[in-house]
Amino acid sequence: VPSVPSNRISNSNRNMVVTASATVALAIIIALSLMRNTVKKESDFNEKIESKLIGTIAHEDKKMSLQDIRHKKKKALLIHNNAYISLRFTENFHKIAAKLEHKKNQSGDKVFAITSVAENEGKSTCAANIAVSLADRGNKVILLDLDFKKPALYKIFNEKATENGELSDLLSKKISFENFAFRPFKKTLLSLAINTNPCSDYRFFTENSTISELIEKLREKFDFVIIDTAPLSLDSTVTDIISMVDKTILIVRTDTVNVNALNDSISTISKIGSNLAGCI
């Protein structure tokens, strides 16, 4: 009875086969990535996307201390007094905030919805930092989390559930506007109206005009109203929300969403009457 294969592959041949297979697989992955019809750089955006680019945010690593790593603490990329954030990352958001101030001075636009086509494109991080930057520049700002399925702003700002502090309770009339606890962000002019838990009956908020009424109250009280919405492809109520605002900003993550889907979303935003301020 044979105890070993008669055609045993030598170690050198085995290594060659493994290396060749890995090289071929890597080449296929690179080829598929290059062939995908997505936005990979600014020149792609200018050529393929039917909108203007109002800002570019470079990738920023989440630099964490040893204590954060030990306690598995997730660190948010907030530009306010954060020694771990690069100057380039901070300045890019200040440039975008300056453009929004210019739009407000020109046409009175002060309510901006921040949305994206798909999940995990950086929408909530952008909304948070735009609001922080506007507040740092001396504006009284309110940041609303209207992504009721997957609220994320409470994680970014490290907020916990508080009495009279859930935005869904305000919209469902469990709390009056006068008694709602807006959350101040440190010693800045930024206030937060957020949820720490998902809300299942959020569709009624757009159907009964509760959100539009809230936006109008906040418009009178604040210099800027920044709204973080759900992704367009995942929630049909987003189109209702962006029809209530002055301008919409679309977040586009590099090499993620197909160009056709992006242009379709831009067309949808234009059709429902909300002017697109541009893309980041």
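Which residues of β1 are buried on one side, and which on the other? In this predicted model, Val-111, Ala-113 and Thr-115 lie on one face of β1. Phe-112, Ile-114 and Ser-116 lie on the other. All of these residues are buried, and both faces of the strand are covered. With 6 of its 6 residues buried, β1 is therefore largely enclosed by the rest of the structure.

Next, look at the neighbours of β1. The strand pairs with β5 in the parallel sense, over 4 bridges. It also pairs with β6, residues 247-251, again in the parallel sense, over 5 bridges. Ile-114 shows both pairings. Its bridge partner in β5 is Asp-228. Its bridge partner in β6 is Ile-249.

The largest nonpolar core has 44 residues. Leu-144, Leu-146, Ile-211, Leu-218, Ile-227 and Leu-250 touch the most other members.

Leaving aside residues up to four places away in sequence, Leu-144 touches Leu-153, Leu-167, Ala-193 and Leu-218, among others. Its contacts also include Val-225, Ile-226, Ile-227 and Asp-228.

Leu-218 leads on to helix α9. The buried residues of this helix are Thr-210, Ile-211, Leu-214, Ile-215, Leu-218 and Arg-219. They pack against the strands β1, β2 and β5. They also pack against the helices α7, α8 (203-207) and α10. How far apart are the end C-alpha atoms of α9? They are 17 Å apart. At 1.5 Å a residue, the 12 residues of α9 should span 16 Å, so the two values agree.

Last come the cysteines. A disulfide is a covalent bond between the sulfur atoms of two cysteines. To count here, the two sulfur atoms must be within 2.5 Å. By this rule there are 0 disulfides. Cys-126 is in no disulfide, and the nearest cysteine sulfur, in Cys-279, is 11 Å away. Cys-126 is buried, with a relative accessible area of 7%. Cys-279 is buried as well, at 0%.

How values were computed
Residues are numbered from 1 along each chain as its sequence is written. This is a predicted model: local features need pLDDT of at least 70, side-chain atom pairs count only at pLDDT 80 or more; totals for chains, interfaces and linings use all residues. Side-chain values use heavy atoms; hydrogens and water are left out. Buried means under 20% relative accessible area, exposed over 50%, partly exposed in between (1.4 Å probe, protein chains only). A nonpolar core is a set of buried Ala, Val, Leu, Ile, Met, Phe, Trp, Tyr and Cys residues joined through side-chain atoms within 4.5 Å. Contact means heavy atoms within 4.5 Å. Helices (H or I, at least four residues) and strands (E, at least two) are DSSP runs, numbered from the N terminus. Two strands pair if DSSP finds at least two bridges between them. The expected span of a helix is 1.5 Å times one less than its number of residues.
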